[in-house]
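Please look over the model below before reading the notes.

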Amino acid sequence: MPIDYAALYARFDAPIAALDCGARCAPHNPHHVPFCCDTCYAVPVVYEEEWDYLSANTGLWHPWQGRSQAETRRLLCETPPGMRPVACLGHLHCQRNFRSLSCRAFPFFPYITRDDRFIGMTYDWQYEKTCWVVNNLQTVTPQFRSAFFSAFDELFTTIPGEWDSYRSLSINMRRVFGRWKRAIPLLHRNGHYYKLSPRSGRLRRADPGDFPKFGPYA
């Protein structure tokens with residue numbers, strides 16, 4: 001059964017924090033815009049069916065074009081099947097009702113354990129030095145967390161192949177953090193924060209204020 005994107009967007013609409021996190025990171029971006037809204041740093045991707053919904057209902061989005069043919073080819077090759085990279089009109093023209101799923105979830109993704117369980121969410125580590133929220137995990141609202149889990153539960157039911165994509169991403173994160181000898185920060189479905197061992201999978205309750213900070217937020 002196809003996803004009703006209007007209904008899914010309405011359910012996944014909680015703000016990530018109780019403040020404008022974009023105003024906290026933009027001063028550190030040479031382009032003076034939030035990093036998550038700057039395609040030089042983060043290019044949103046949408047499902048083809050999601051693109052159909054967005055293009056039929058708003059002029060906010062258009063197909064992404066790189067700064068060179070080589071860059072465009074590279075990102076298209078990296079984009080998972082059934083998805084496409086897109087760009088919007090910019091953060092000053094954002095239509096919040098038509099933000100893509102990747103915009104709504106940023107910078108988080110579902111964490112899948114070694115024994116194949118979706119136990120919580122963690123962040124895309126390539127944004128550790130740019131994203132203010134990554135450096136202030138305590139500000140993530142319970143409403144956002146609940147909406148995130150509900151949205152991805154639905155997504156995994158409707159598009160089963162996405163489970164494999166996020167399982168692979170979780171495996172890669174364990175490899176990277178294992179090399180770095182760092183625990184993975186996890187926002188658990190039970191509402192608590194944990195440090196997760198990338199090698200053993202052991203969870204230790206954590207104070208989010210104790211997670212490391214990076215870049216200009218250190």
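Serine 100 lies in the loop between strand 3 and helix 5 (101-105). Helices (H or I, at least four residues) and strands (E, at least two) are DSSP runs, numbered from the N terminus. This is a predicted model, in which local features need pLDDT of at least 70 and side-chain atom pairs count only at pLDDT 80 or more, while totals for chains, interfaces and linings use all residues. Residues are numbered from 1 along each chain as its sequence is written, and side-chain values use heavy atoms, with hydrogens and water left out.

**Around serine 100**

- Serine 100 counts as buried because its relative accessibility is 0%; buried means under 20% relative accessible area, exposed over 50%, and partly exposed in between (1.4 Å probe, protein chains only).
- The side chain of serine 100 makes a polar contact with the side chain of serine 102, at 3.0 Å.
- A polar contact is a pair of N or O atoms within 3.5 Å; within protein, one must be able to donate a hydrogen and the other to accept it, and residues adjacent in sequence count only if both atoms are side-chain atoms.
- Leaving aside residues up to four places away in sequence, serine 100 touches Tyr9, Pro44, Val46, Glu50 and Trp61, where contact means heavy atoms within 4.5 Å.

**Sheet and hairpins**

- Strands of a sheet pair through backbone hydrogen bonds, either parallel or antiparallel.
- Three strands form an open sheet in the order 1-3-2, with antiparallel pairing; two strands pair if DSSP finds at least two bridges between them.
- Strand 1 (45-47) and strand 2 (61-63) are the edge strands, each pairing on one side only.
- Three bridges join strand 1 to strand 3 (residues 83-88) in the antiparallel sense, and valine 46 has arginine 84 in strand 3 as its bridge partner.
- Strand 6 and strand 7 (residues 193-196) run antiparallel and are joined by four bridges, with leucine 187 opposite tyrosine 193.
- The hairpin of strand 7 and strand 8 has six residues between the strands, and glycine 201 in its turn has a positive phi of about 80°.

- Helix 6 has 17 residues and reaches 24 Å from its first C-alpha to its last, close to the 24 Å expected; the expected span is 1.5 Å times one less than the number of residues.
- The buried residues of helix 6 include Phe144, Phe148, Phe149, Phe152 and Phe156.
- Helix 7 (residues 161-180) has 20 residues and reaches 29 Å, close to the expected 28 Å.
- Among the buried residues of helix 7 are Trp163, Tyr166, Met173 and Phe177, and their cover includes strand 1, helix 6 (142-158) and strand 6 (184-188).
- Lysine 181 follows helix 7 and has a positive phi, near 60°.

**Backbone angles**

- Most residues other than glycine have a negative phi, and most peptide bonds are trans.
- Histidine 32 has a positive phi of about 65° and is exposed, with a relative accessible area of 59%.
- Aspartate 116, in the loop between strand 4 and strand 5, has a positive phi near 70° and is partly exposed at 35% relative accessibility.
- A cis peptide bond, with omega of about 5°, joins phenylalanine 106 and proline 107.
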